[in-house]
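Here's a quick tour of one protein model, written for someone who likes to look at side chains and contacts. Have the viewer open while you read.

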Amino acid sequence: MAKLRYFDAKDASRSQEPQLVAAHSEFLRTGRIPRERRHWLAEEKRYFTHDEVAAKTGRKLQVAGEKTHQHINGFHHSIQFPKIIFHRTLEDSPHLGYCHVTAARTKFAHYEEVSWAFYIANFYSDIGENDNFFERIDVGYSRMYFAVAIKAGENSQDKMTIDRSVRGNGLLFRTHDPQAAIRNILLLGARNEQLREIIRQL
């Protein structure tokens, strides 16, 4: 796959503003030679390096993670989640990335205790079944909110990995709807059935 190149779209749109008068017709009409830069040099696109694109994507993901964490912790004082925000961008597509928002441990369905992590991504995809975390990426949706069961990695280098013994693939939920995502997170964090019932009715 060819390596993606990124350029500053704002600069490109400015450089494509229609010229009201061509340089040669202005000279014929007035006898003056226009000295403005746009008549002499074609504007060049300013290209970004992959590191610059990754940094820009990371800042946006970080802000989204901070806001989402505020929303879920603002619902009820008895449901509070730790703030564990960090982001990653995809190696060959640094305009795509995901942000870890929080992690916790809870009783889930018939599983006695499940450790899980909640993420936001700026694309929609399937969660991969092997080493690929994401499969069949679809940029048609602007966001994906998802939670996966996690466990300590088998190798000492792997801090955490998806616990695929939960539901066969480790995926607890996945949605592009922020309201549905917050409701699911609150249900995971609710300490008792009465609170879960209130959340279900939201």
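## Helix 4

How many residues does helix 4 have, and what span does it reach from its first C-alpha to its last? Helix 4 runs over residues 50–73, so to speak end to end, with 24 residues and a reach of 34 Å. That is close to the 34 Å expected at 1.5 Å a residue. Keep in mind that this is a predicted model.

## A positive patch

On the surface, R46, K56, R59 and K60 gather in a patch of positive charge. R46 sits in the loop between helix 3 (37–40) and strand 2 (47–48). With a relative accessible area of 38%, R46 is partly exposed, because that value falls between the 20% and 50% cut-offs.

## Salt bridges

How many salt bridges does the structure hold? There are 6. Side chains of opposite charge can pair when their charged atoms come close.

One of them joins the side chains of K83 and E66, at 2.8 Å from N to O. K83 lies in the loop between helix 4 and strand 3 (86–89) while E66 is in helix 4, so this pair ties together parts that are 17 residues apart in sequence.

D126 belongs to strand 6 (residues 124–127) and R174 to strand 10, so the pair links parts that are 48 residues apart in sequence. Both ends are partly exposed: D126 has a relative accessible area of 24%, and R174 comes in at 30%.

Then there's R136 and E135, whose side chains form a salt bridge at 3.9 Å, N to O. R136 counts as exposed, with 60% relative accessibility.

## A loop arginine

R167 can be found in the loop between strand 9 (160–162) and strand 10 (171–175). Its relative accessibility is 49%, so R167 counts as partly exposed. The C-alpha atom of R167 is 9.1 Å from that of A149, and the two residues are 18 residues apart along the chain.

## A nonpolar patch

Which residues make the nonpolar surface patch of about 280 Å²? F75, I198 and L202 do. I198 is in helix 6, and its relative accessible area of 48% makes I198 partly exposed.

L202 lies in the segment after helix 6 (193–200). At 56% relative accessibility, L202 counts as exposed.

Methods:
Residues are numbered from 1 along each chain as its sequence is written. This is a predicted model: local features need pLDDT of at least 70, side-chain atom pairs count only at pLDDT 80 or more; totals for chains, interfaces and linings use all residues. Side-chain values use heavy atoms; hydrogens and water are left out. Helices (H or I, at least four residues) and strands (E, at least two) are DSSP runs, numbered from the N terminus. The expected span of a helix is 1.5 Å times one less than its number of residues. Patches are made of residues with over 30% relative accessible area and no salt bridge: like charges are joined within 9 Å, nonpolar side chains (Val, Leu, Ile, Met, Phe, Trp, Tyr) within 5 Å. Accessible areas come from the Shrake-Rupley method with a 1.4 Å probe; for residues, only the protein chains shown count as cover. A salt bridge is a side-chain nitrogen of Lys or Arg within 4 Å of a carboxyl oxygen of Asp or Glu. Lys and Arg count as positive and Asp and Glu as negative; His and the chain ends are not counted. The place of a charge is taken as NZ of Lys, CZ of Arg, CG of Asp or CD of Glu. Buried means under 20% relative accessible area, exposed over 50%, partly exposed in between (1.4 Å probe, protein chains only).
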